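Here is a short briefing on one protein chain. Look over the sequence and the structure first, then read the points by topic.

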Amino acid sequence: MTNHVLSNVEEQVISIAIDTIHLQAELVVPLDSQGIVIFAHGNGVGRYSTRNRYLAHVLRQTGGLATASIDLLTPEEESIDLRSKHCSSNVQFLAKRLLSVTDWLLNNPSTSNLKIGYFGDRTGGGAALLAAAQHPMSVGAIVTRSGEPCLTSDVLNYIQAPTLLIVGENDLPLIAMNQDALSHIQASKKQLEIIPGASQKFNEPGALDEVARLASCWFGYYLASPQQRELSVHAMPWCQINNN
């Protein structure tokens with residue numbers, strides 16, 4: 001583990017032991033953070049993903065959130081290509097890893113006091129939803145981007161954390177999948193945002209910026225204390241969240 005403190009931000013490269021393997025992660029914790037967002041990457045997307053590194057940067061800069069960017073698969077497991085497995089089996093495997101990472105953060109001195117949020121893309125989105133359903137008391141908020149839920153309704157019924165699902169307008173199969181998932185999620189705060197003109201990878205101009213804005217608003221609000229929530233509404237007028 002390496003540890004650096006720069007400009008009131010603690011940065012660590014960590015190795016999390018799970019059974020016989022070790023997962024590598026980048027942990028960045030602003031000293032006044034109240035929440036931490038774990039990035040659950042889909043297959044073929046690691047912690048060096050340009051998109052997710054940008055999103056993590058925005059969450060830290062605009063929301064004051066800590067971030068944990070973690071490879072849920074080892075290089076050897078990636079080479080096996082788990083994408084060849086059925087989606088639900090893949091999601092279950094990633095969710096188990098995500099819960100182990102969550103337990104590690106809850107027991108780590110520098111992060112144990114932070115509320116946990118999950119950001120998941122593609123199969124990582126399904127893993128985030130499944131992990132939150134299995135341990136609802138550990139998760140404070142969820143955001144998925146182009147998530148592949150592929151979960152049964154009885155699993156989705158257990159999700160209690162405020163959940164935001166983000167899909168591109170041109171990704172019709174995932175729109176239908178996320179609409180169905182949203183109808184089964186029982187959380188009192190849930191929302192589906194469809195980004196105009198965007199595809200699954202959000203390569204279009206401004207598309208990823210909108211994902212970052214929505215995620216920052218959602219996590220910044222739901223991972224904050226009640227007092228900070230009130231302040232965030234006034235401090236970030238560009239945030240528009242349906243809290244009714």
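**A buried glutamine**

The side chain of Q12 makes a polar contact with the side chain of S110, at 3.5 Å. The model is predicted.

**Q12 in its strand**
- Q12 is found in strand β2, which spans residues 9-18.
- Q12 counts as buried because its relative accessibility is 6%, and buried means under 20%.
- In a regular strand, side chains alternate between the two faces of the sheet.

**Strand β6 and its partners**
- Strand β6 covers residues 115-121 and is mostly covered, with six of its seven residues buried.
- Strand β4 (residues 35-40) runs parallel to β6, and six bridges join the two.
- Within that pairing, F119 in β6 is the bridge partner of F39.
- Strand β7 (residues 141-145) also pairs with β6: the two run parallel, joined by five bridges.
- Here D121 has R145, in β7, as its bridge partner.

**Strands β8 and β9**
- Strand β8 (residues 163-168) and strand β9 (residues 190-195) run parallel, with six bridges between them.
- One of the residues involved is V167, whose bridge partner in β9 is I194.
- Helix α6 (residues 172-184) makes a right-handed β-α-β unit with β8 and β9.

**Helix packing: α1 and α7**
- Two packed helices are described by the angle between their axes and the distance between the axes.
- Helix α1 (residues 50-63) packs with helix α7 (residues 207-222) at an angle of about 45°, and their axes are 9 Å apart.
- That angle makes α1 oblique to α7.
- The crossing of α1 past α7 is right-handed.

- Y48 sits in the loop between β4 and α1.
- Is Y48 buried or exposed? Y48 counts as exposed because its relative accessibility is 56%, and the cut-off for exposed is over 50%.
- Y48 and S69 are 21 residues apart along the chain, and their C-alpha atoms are separated by 8.4 Å.

Terms used
Residues numbered from 1 in each chain as written. Predicted model: local features only at pLDDT ≥ 70, side-chain atom pairs only at ≥ 80, totals over all residues. Heavy atoms only, no water. Helix = DSSP H or I, 4+ residues; strand = E, 2+ residues; numbered from the N terminus. Buried < 20%, exposed > 50% of the residue type's maximum accessible area, 1.4 Å probe, protein only. Polar contact = N/O pair within 3.5 Å; in protein donor to acceptor, adjacent residues only side chain to side chain. Pairing = 2+ DSSP bridges. Axes fitted to C-alpha atoms, helices over the stretch in contact; angles between N-to-C directions. Parallel < 35°, antiparallel > 145°, perpendicular 65-115°, else oblique. Left-handed = near helix turned anticlockwise from the far one by under 90°. Right-handed = clockwise from strand over helix to strand, strands pointing away.
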